Amino acid sequence: EVNGTGGKVSFRIEKDADYHFSLTDHSGIGDINPIVYRVTSMEDEKPSITIVSPASDVTLPRSMRFPILYAAADDYGVTRVAIAAKLPQEEGSREIVLKRGKLQRELAEEYLWDLSGLNVLPGDTFSYHLSVLDNDVIRGPKEGVSETYSIRVPSLTEWMKETVAEQDAGMDRLREIREMSSERDKALGDV
């Protein structure tokens, strides 16, 4: 497309190539030695994603929530990040989209995963991984997948033991406060 003294052109690069512009003025005189340019194509790489923390199997806390810190990258840009969980009572995987849209080339983010809405029972163990898609509009998005880790839901007995231990610790703390209060009352009475 030529417009006055300027112009623009666009073309798809699928392999390394040399190119030049052949220009002709209004009198029909052309450039006899056009400058040759070299364009080098670069393969669009598959995106990558890593679970930074917890980078191991975990036991689900009673809150049914835990943070996942992840890092994702792609040479041209990330368009989607998701968690895929393989639950014991379900066929296939359940997917939760964390981010979508035209994202950056590199992401490092934390997601607080609330598992209370998932159909998991005490004693269950299930696996999960993260996935990322790139923005390849030529050949279609490519997917990168993280390592797969397991989440263990504690049994009711384990949760009860944890609750009792927390209550015992709370009672011990109350006894300490009562003793400190008694000592302070005694010290004040001596004044």
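**View 1. Three strands make an open sheet, in the order β5-β7-β10, with antiparallel pairing.** At the edges sit β5 (48-53) and β10 (106-114), each pairing on one side only. Going from one strand to the next, the twist averages 30 degrees. Keep in mind that this is a predicted model. As a bit of background, strands of a sheet pair through backbone hydrogen bonds, either parallel or antiparallel.

**View 2. Here we zoom in on β5 and β7, which run antiparallel.** Five bridges join β5 to β7, the strand made of residues 65-73. To find your way around, look for I49: standing opposite it in β7 is A72.

**View 3. Y19 and F21 form an edge-to-face aromatic pair.** The structure holds seven aromatic pairs, and in this one the rings are 5.8 Å apart centre to centre, with 85 degrees between the planes. Y19 has 26% relative accessibility, so it counts as partly exposed. F21 also counts as partly exposed, at 40% relative accessibility.

**View 4. Y19 pairs with Y37 too, and this aromatic pair is stacked.** The distance is 5.4 Å centre to centre, and the planes are 25 degrees apart. Y19 belongs to strand β3 (residues 17-19) and Y37 to strand β4 (residues 37-39), so the pair ties together parts that are 18 residues apart in sequence. Y37 is partly exposed, with a relative accessibility of 36%.

**View 5. Last up is a cluster of aromatic rings.** Its members are F66, W113, Y128 and Y149, linked through ring pairs.

Note on methods
Residues numbered from 1 in each chain as written. Predicted model: local features only at pLDDT ≥ 70, side-chain atom pairs only at ≥ 80, totals over all residues. Heavy atoms only, no water. Pairing = 2+ DSSP bridges. Helix = DSSP H or I, 4+ residues; strand = E, 2+ residues; numbered from the N terminus. Axes fitted to C-alpha atoms, helices over the stretch in contact; angles between N-to-C directions. Phe/Tyr/Trp six-rings, centres within 6.5 Å; stacked < 30°, edge-to-face > 60°. Buried < 20%, exposed > 50% of the residue type's maximum accessible area, 1.4 Å probe, protein only.
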